[in-house]
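Trainee: Hi! I'm new to this one. Could you walk me through it?

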Amino acid sequence: MAKRRIVVLGSTGSIGTQTLDVVRQHGDKLEIVGLAVNSSLDVLLAQAREFGVRHLAAGNAALANDPRCDEARALVRSLAVPEGQEDAEASFGVGSEAVVALTQLPEVDVVVNALVGAAGLEASYATLKAGKVLALANKESLVVGGDLIMPLAAAVDADRRASGVAPATGPAGALMPIDSEHGAIYQCLLGENPREVSKLWVTASGGPFRGKTIADLEAVTPAQALAHPTWNMGAKISIDSSTLMNKGLEVIEAHHLFAMPYDQIEVVVQPQSAIHSMVEFIDGSVLAHLGTTDMRIPIQFALSYPERWEAPVRPLDFRTLGSLEFAAPDVDTFRCLSLARHAGEVGGTLPAVMNAANEVAVAAFLAEQIGYLDIARCVEATMDAHEGAGVQVVESLEQLKAVDAWARAFASEWARGRRS
């Protein structure tokens, strides 16, 4: 079997580095042909040397004159040319366009989009537009641009079936979710009739502040919010997990990925993070996906589908797991979940506004410029302003970029007013 050739966007982040570990485990099946980072040039160079990658990009345009860029250009030219790619010139680029350009390489089969924030949307769009498989860890691609991304994924699925590339049964695999929750739902639905699904249960650990009151959260510090009890994640997603915004984003993603109405998507707190999500059917049966709390499992499945490969992690031992707890999320204390659900239900450009405001608010909190509870307040104020002006139907990437820019400006001004 020919190796699956992959590009990893965001290769130095949590998902990116774990993707590389999966490749180390299955080097006979996977090959990395492109890597992109934002600013971590030193790590990028080390990764390129280890995996022999001849196509690199750094998204931060401010690095254009950095001496390490010349080092990167020299490195990719010096690496051995893989068999069958003799005509492909090595490349290194700086800026967002260079990152997106990696998705267009003719030798690429799968793009792992592990970029953080709304910047990942354009890369997801370009990947599917080019007919590549999208292994998606960038939540904002669907939260902001689901109305654009899902029709593209359906078109690629149709092409994969027509060309005989798709599996004989099950989804055609053009869009593979990497999130543990959506990967779990994806697997629970394999072989099932979507019309017989009554509910999707998206599980949440509850974050580091489960059980806390609003008064308890008034003086929360960034260090406390970053201390997730079960998952090792990047800073932004860790804060989102603590506010439950992460679950709100996942509800919107689930709506798009599985064509499920919002009133059939529920969030349940499962503190042990052993159950990654569940699907309930009309006959009362529930299928749950359980596994070790290690992101390499959903990453690997997104790359191996429709096959399953040997696990790169120690399997879950049910004899030592102990009890499983379940609880309803506290949406009064953690208001971001309700705000995100409202944005999804209204639809149009409101999710883009909600997402942009949250990114600004989280960054301001991490910089200790606003308080922890101000995150939800900032998001709500920005959403209210947009709804007052009129939510638009999503039509293009350009429109979403303009809405995103407006929301960031409004949220930034709100945060500045909070500090003064």
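Mentor: Happy to. Let's start with the second largest pocket of this predicted model: its lining has 15 nonpolar, three polar and three charged residues.

Trainee: What volume does the second largest pocket have?

Mentor: The volume of the second largest pocket is about 590 Å³.

Trainee: And which residues lie nearest its centre?

Mentor: Of the 21 residues lining the second largest pocket, Pro171, Tyr186, Pro194, Leu257 and Phe258 lie nearest its centre.

Trainee: Which elements supply at least two residues of that lining?

Mentor: You'll find α6, α7 and α11 there, each with at least two residues in the lining of the second largest pocket. The largest share comes from α6, with five residues.

Trainee: Let's switch to cavities. How many of 30 Å³ or more does the structure hold?

Mentor: There are two cavities of 30 Å³ or more.

Trainee: What lines the largest cavity?

Mentor: Eleven residues line the largest cavity, and those nearest its centre are Ser180, His276, His289, Ile297 and Pro298. Two elements give two or more residues to this lining, namely α7 (180-189) and α12 (296-304).

Trainee: Which element gives the most?

Mentor: That's α7, which gives four residues to the lining of the largest cavity. By class, the lining of the largest cavity has four nonpolar, six polar and one charged residues.

Trainee: And which residues line the second largest cavity?

Mentor: Leu136, Ala137, Asn138, Lys139, Pro177, Asp179, His182 and Glu253 line the second largest cavity. Sorted by class, they divide into three nonpolar, two polar and three charged.

Trainee: What does UniProt have on binding sites?

Mentor: One "binding site" annotation, from an unreviewed UniProt entry, covers Lys139, Ser180, Glu181, Ser205, His228, Ser241, Asn246, Lys247 and Glu250. Of these residues, Ser180 is included in the lining of the largest cavity.

Trainee: Can we look at Ser205? Where is its place?

Mentor: Ser205 sits in the loop between β8 (197-204) and α8 (214-217).

Trainee: Does it count as buried or exposed, and why?

Mentor: Ser205 counts as buried because its relative accessibility is 9%, and buried means under 20%. The Ser205 side chain also reaches the backbone nitrogen of Gly207, at 3.0 Å.

Trainee: Now Lys247. Where does that one lie?

Mentor: Look in helix α11, residues 245-258, for Lys247. Lys247 has 6% relative accessibility, so it counts as buried too.

Trainee: What is Lys247 in contact with, leaving aside its neighbours within four places in sequence?

Mentor: Lys247 is then in contact with Glu181, Val202, Thr203, Ala204, Val267 and Leu337.

Trainee: Where else does UniProt place the feature "binding site"?

Mentor: In the unreviewed entry, UniProt also places a "binding site" feature at Thr12, Gly13, Ser14, Ile15, Asn138, Glu140 and Gly234. From this set, Asn138 is taken in by the lining of the second largest cavity.

Trainee: Tell me about Asn138, then. Where does it lie?

Mentor: Asn138 belongs to the loop between β6 (133-136) and α6 (139-163). With 0% relative accessibility, Asn138 counts as buried.

Trainee: And what are its contacts, leaving aside neighbours within four places in sequence?

Mentor: On that basis, Asn138 is in contact with Asn113, Leu115, Val116, Gly117, Gly120 and Leu121.

Trainee: What about Glu140? In which helix is it found?

Mentor: Glu140 is in helix α6. Its relative accessibility is 5%, so Glu140 counts as buried.

Trainee: One more. Which helix is the place of Asn355?

Mentor: Asn355 is in helix α15, residues 350-366. At 0% relative accessibility, Asn355 counts as buried.

Trainee: How many residues apart in sequence are Asn355 and Val143?

Mentor: Asn355 and Val143 are 212 residues apart in sequence, and their C-alpha atoms are 7.5 Å apart in space.

Conventions. Residues are numbered from 1 along each chain as its sequence is written. This is a predicted model: local features need pLDDT of at least 70, side-chain atom pairs count only at pLDDT 80 or more; totals for chains, interfaces and linings use all residues. Side-chain values use heavy atoms; hydrogens and water are left out. On a 1 Å grid over the protein atoms alone, a cavity is a set of points where a 1.4 Å probe fits but cannot get out, and a pocket is an open set with protein on both sides within 12 Å along at least five of seven lines; lining residues have an atom within 4 Å of a point. Grid points are joined across faces, edges and corners, and a volume is the space filled by probe spheres set on the points. Ala, Val, Leu, Ile, Met, Phe, Trp, Tyr, Cys and Pro count as nonpolar, Asp, Glu, Lys and Arg as charged, and the others, Gly among them, as polar. UniProt positions are given in the numbering used here, feature names are shortened, and annotations may be inferred rather than shown by experiment. Buried means under 20% relative accessible area, exposed over 50%, partly exposed in between (1.4 Å probe, protein chains only). A polar contact is a pair of N or O atoms within 3.5 Å; within protein, one must be able to donate a hydrogen and the other to accept it, and residues adjacent in sequence count only if both atoms are side-chain atoms. Contact means heavy atoms within 4.5 Å.
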